[in-house]
Amino acid sequence: MAAAGRRDAPEAPDFGILKRLARDQLIYLLEQLPGKKDLFIEADLMSPLDRIANVSILKMSPATSGPSTCSPWMRTSSAWSCPSSSATTSCLPRALVVLQEGDHRWINSVARALQLLNSLYGPFGRAYGIGRCAKMSYELWRDLEEESEGDGQGRKPEIGSIFLMDRDTDYVTALCSQVVYEGLVDDTFRIKCGSVDFGPDVTSSDKSIKVLLNAQDKVFSQIRNEHFSSVFGFLSQKSRNLQAQYDRRRGMDIKQMKNFVSQELKGLKQEHRLLSLHIGACESIMKKKTKQDFQEMIKAEHSLLEGFDIRESTSFIEEHIDRQVSPIESLRLMCLLSITENGLVPKDYRSLKTQYLQSYGPEHLLTFHNLKRIGLLTEQAAGETLTAVESRVSKLVTDRAAGKITDAFNSLARKSNFRAISKKLGLIPRLDGEYDLKMPRDMAYVFSGAYVPLSCKIIEQVLERRGWQGLEEVLRLLNGHEFSVSDSTAEDGAAAEAQRVVLAVFLGGCTFSEIAALRFLGKERGCKFIFLTTAITNSARVMEAMSEARA
């Protein structure tokens, strides 16, 4: 329900057409294949294929191994396999960090996806972005538009703005523990192509159940973006409301009972089943997080984000490593310490690295090389030297010249500059009293009021300013590659509703915390965010992707 003075968000465009187009293309391609009666599809591809065209249409048997004739097509078309109530999120397989490591294979897919969306729902009035791959994707998309002579021109726009964001612009958010319900479900059970497998610990039986998580799940749709601390209370109230609806049967005459059974009972039973599953999921999450000392970990994370008690947080990480709690979690905390502190001092880097290899094995040695190369786990020495030189030089030259010098230094040693960026953008809320997670005041609620996601704050600021004006210092710290382009013809032709629809494109992965934060922003500003991403990611996937690189 919209608050007083707040505009309701516009309706999202009809993305059903994307599913229909993909299904028709899939069927057409399969019909063209020779020997299609003997064609097998890998099991991992069945979920995205099933979201496009159900298994009865495919009429194929899954195979657990062996190459799939359809897999090259799937890499470009499965982007449309995961529509949700207010977002279109892709299930492209593990494109997590390839965009940051010199592998540009996804840029063509992203550009062609934008071309398709522009032809169906554009033309887009404004385009913003930041990051090298974001800029490359945008430029390739514009080249494709020129070649096709703009298929979307002349039609009524349904999407007003587009924002392209590189994952390496903000690794901090991806490394933080998620505390919104959908994020926790993903962290705990792994959401794949919009569905999740709940095991016996959730179902309270000896069977596992696959549940599709979307707006058709009336329980999930109401709690997906909520902070976990608010979910149990909602589910309890929901349970009482359902029971009250069941109790209405008492005192009904035959006609009323007949209407109740034919019109309401089936829906109530379905809602009750889903309610039981989500209560079970919450209980399972609580048990696992309690074992992992989750609250202590969150406290350490918040200290790192705020820049307080760094030595105490470092000791917590050392204890985490020594206890061998989890190799992925230990690595994540080390990376979060490094990126928030602009690298580790050499003594801490060597100590933590040695302890980690002793606890989890020398086979992780190459993982440290991968993390250092991408800038997630680095030593501070080189960065400190460059920062000192920059500081001296900047006093002698103009701001513009200092910016160019900074860019040159940044090309020599990658720095996160998180602390300075956080201060410039106000990412750490200053609170008087407790943060009310049930009635959040800003996007920081997705991290318990401790931190506003950097990626989301950038999007908020650029949309508010309708460009990058006034953010020059932030851009310098972020290493640039920003762009802002407006199409006056498209803007003038767009209806007021369409101008409040924003397509957010994440290259390298997007977290459910970021999706929840931007949905909150949309409600506050009366706009609708649509999401397109090369992958749904979280801290574990980031770490696993770097670890798998050694194989």
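I started at Phe-163, which stands opposite Ala-504 in strand E8. This is a predicted model, so I kept in mind that local features need pLDDT of at least 70 and side-chain atom pairs count only at pLDDT 80 or more, while totals for chains, interfaces and linings use all residues. Residues are numbered from 1 along each chain as its sequence is written, and side-chain values use heavy atoms, with hydrogens and water left out.

E8 covers residues 501–507, and E4 pairs with E8 in the parallel sense over six bridges. For the labels, I note that helices (H or I, at least four residues) and strands (E, at least two) are DSSP runs, numbered from the N terminus. Two strands pair if DSSP finds at least two bridges between them.

Then I looked at E3 (residues 126–130), which is joined to E4 by five bridges and runs parallel to E4. Arg-126 has Ser-161 of E4 as its bridge partner, and Ala-127 has Ile-162.

Is E4 buried or exposed? Six of the six residues of E4 (161–166) are buried, buried meaning under 20% relative accessible area, exposed over 50% and partly exposed in between (1.4 Å probe, protein chains only). Both faces are covered: I find Ser-161, Phe-163 and Met-165 buried on one side, and Ile-162, Leu-164 and Asp-166 on the other.

**The sheet**

I traced the strand order as E7-E3-E4-E8-E9, an open sheet of five strands with mixed pairing. E7 (482–486) and E9 are the edge strands, each pairing on one side only. From one strand to the next, the twist averages 15°.

Next I checked what lies across the sheet. Helix H21 lies across E3, E4, E8 and E9 and runs at about 145° to E4. Helix H24 lies across E8 and E9, at about 160° to E9. For these angles, axes are lines fitted to C-alpha atoms, for helices over the stretch in contact, and angles run from 0 to 180 degrees between N-to-C directions.

**Helix H24**

I checked the length of H24 (residues 512–525): its 14 residues should span 20 Å at 1.5 Å a residue, and the end C-alpha atoms are 20 Å apart, which agrees. The expected span is 1.5 Å times one less than the number of residues.

Of the 14 residues in H24, 11 are buried, including Phe-512, Leu-518, Arg-519 and Phe-520. What do the buried residues of H24 pack against? I listed helix H7 (171–175), helix H8 (181–189), H21 (454–465), E8 and E9 (528–533), with contact meaning heavy atoms within 4.5 Å. Gly-526 follows H24 and has a positive phi, near 70°.

**H15 against H16**

H15 (residues 327–340) and H16 (residues 346–360) pack at about 175°, with axes 11 Å apart. I call H15 and H16 roughly antiparallel for that reason; the classes are under 35 degrees for roughly parallel, over 145 for roughly antiparallel, 65 to 115 for roughly perpendicular, and oblique for the rest. Among the residues making the contact are Leu-331 and Met-334 of H15 and Leu-352 and Tyr-356 of H16.

Arg-466 is not a glycine, yet I see a positive phi of about 55°. Arg-466 sits in the loop between H21 and helix H22 (472–478) and is partly exposed at 45% relative accessible area. His-481, not a glycine either, has a positive phi of about 65°. I place His-481 in the loop between H22 and E7, partly exposed at 40%.
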